[in-house]
Amino acid sequence: MPYRNEPPIDWTTAPYKEQLQTALAEVKEQFGKTYPLYIDGKEIATKDALKSVNPANHQEIVGYVSQATREHIDQAIAAASRAFKTWRHTTFEERAMYLMKAAQIMRKRKAELMAWQIYESGKNWAEADGDVCEAIDFLEFYARQAIKLGKGTEVTPYPGEDNRMFYLPLGVGVVIPPWNFPLAILTGTAVAAIVTGNPIVLKPSPLSSVMAVKFVEIMQELHLPAGVLNFVPGPPEEIGDYMVAHKDVRFISFTGSKKTGLHIDETAHKFAEGQRWIKRVVAEMGGKDSIVVDETADTEAAAVAIVASAFGFQGQKCSAGSRAIIHEAVYDDVVNRVIELTKKLEVGAPADNAVVGPVIDEKAFAKVTSYIEIGKQEAKLVVGGTADDSKGYFIQPTVFIDAAPNARIMQEEIFGPVLSICKVGSFEEAIDVFNNTEYGLTGSLFSRERDRLEYARYHMDCGNLYLNRKCTGSLVGIQPFGGFNMSGTDAKAGGPDYLLNFVQPKTVTEQL
Ligand SMILES: NC(=O)c1ccc[n+]([C@@H]2O[C@H](COP(=O)([O-])OP(=O)(O)OC[C@H]3O[C@@H](n4cnc5c(N)ncnc54)[C@H](O)[C@@H]3O)[C@@H](O)[C@H]2O)c1
Ligand SMILES: N[C@@H](CCC=O)C(=O)O
């Protein structure tokens, strides 16, 4: 079957609504369980287990997850190294079949997988559906890409010689995903490494480790050889540097903040005694993404896109449009529409499918509310600005207008429901403001001028540019995803070149 994206479902309609409500009730019944590590094909329960709490309700403990120590990391890396001896010699086709089976299981368990992340990550129903669909897409897409990659690449024929180039796995990989796409990014990064022949040591985010357990349970159903997937949730300050610096690790696949990404990059590239390679680091990091609206734009469409991009999943997407840069001729019109739409956003519990849920934890709540205070000094608050953490970590969608291009709220990743709007006098100035951050992940331009749309293609400095639409919601296979500059290595997850990050090409010449 050719690849196609998993279709989203409207879970607010029958019979899906009942299915999801049943899944939410059944998952709630399972709250408070303790889950093990998984190393060398064996489950290991540890004395310490970290609790994972529902961000919408401090009283609800979603589960407890065993915590790995450095000893466990040694065991996991040793198991992965042993597994590499045989896993590397399986074919791309064989490995791809595991991914396709995993996709089937996820499809069957979709409502349940959504329910876990509605509770553990605070996603509303559509966001949770999008995340599970994306995980399935990664499995199906990378399976097919792997089969292609297994055929090698054609080289130029040369008389008297047989020349071939093909791809070999790298070795043991450390995979470190973030919490905000708790199934999708974890699945995508883990299986891209596995399908290319690399055993992995997977360290999930402490904030979404129950969802990570569910991924591991699915992979266990496939009976992968022992040591191919090792699961080591644990405190990053204790095991993070240790695993990244380990001499037997060949590559690190990281997705997360700029600060952690740079630290991992530096740690990985320090030579460790006994290390036999230069480690490869894939680091996909943060963003300060903007929507530009010029004076010719459809202002209604622009306002709808600005609000969706800024407040989808509470602004906790690397792709979030946290800045809007608007031409003075349409500024008041767009701002008024944005204010009106933002005021309508209902804040509440994700289990009840409120549009805007909580931010992920206490630390995020403190960070976002401190930026709201900074914003009050730097710009004019027109919507929101209030927050309440008495039951969960709820922050009202907040809009600042008349922000200066270099204000902190226009430069720093807030990662919460805060939108900063800036007025510009010309299209050229808008592009300068767009390009003035250290990041370069996503962006949008709303314009009816063909010349400007074409200009933007090459001059708006970001990895994923959208013309006349919102800047979130990339689809696997359709919009390969990754950013420029401090947004990372631009590995283009979900794209045709992504698997090349986890293989090494070899050329063999035979004299005829
Ligand atoms: N570019 C992308 O594709 C993309 C996608 C999603 C999220 N993000 C970014 O991720 C960030 C949000 O995620 P987060 O809060 O989980 O990021 P984070 O940097 O805090 O953590 C990411 C992962 O790194 C781990 N970690 C932390 N310190 C470590 C260390 N010293 N060694 C090894 N691992 C360590 C964490 O436990 C987690 O698993 C935002 O900046 C967002 O923009 C980027
Ligand atoms: N790929 C997702 C963003 C992933 C980062 O958080 C999007 O396009 O919205």
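Axes are lines fitted to C-alpha atoms, for helices over the stretch in contact, and angles run from 0 to 180 degrees between N-to-C directions. Helices (H or I, at least four residues) and strands (E, at least two) are DSSP runs, numbered from the N terminus. The model is predicted: local features need pLDDT of at least 70 and side-chain atom pairs count only at pLDDT 80 or more, while totals for chains, interfaces and linings use all residues. Residues are numbered from 1 along each chain as its sequence is written, and chains are lettered from A and ligands numbered from 1 in the order in which they are written.

**Figure 1. Packing of helices H4 and H5.** Helix H4 (residues 110–121) packs on helix H5 (residues 125–149) at an angle of about 120°, and their axes lie 9 Å apart. H4 is therefore oblique to H5 (angles under 35 degrees count as roughly parallel, over 145 as roughly antiparallel, 65 to 115 as roughly perpendicular and the rest as oblique). Lys-110, Leu-113, Met-114, Gln-117 and Ile-118 of H4 meet Trp-125, Ala-128, Asp-129, Asp-131 and Val-132 of H5; two residues are in contact if their C-beta atoms, placed from the backbone, lie within 7 Å. The contact comprises six nonpolar, one polar and three charged residues (Ala, Val, Leu, Ile, Met, Phe, Trp, Tyr, Cys and Pro count as nonpolar, Asp, Glu, Lys and Arg as charged, and the others, Gly among them, as polar).

**Figure 2. An open sheet of seven strands.** The strands follow the order S14-S17-S18-S13-S12-S19-S20, with mixed pairing; two strands pair if DSSP finds at least two bridges between them. Strands S14 (380–383) and S20 (464–467) stand at the edges, each with a single partner strand, so one side of each has no neighbour in the sheet. The twist from one strand to the next averages 20°. Strand S19 (residues 442–446) pairs with S20 in the parallel sense over four bridges.
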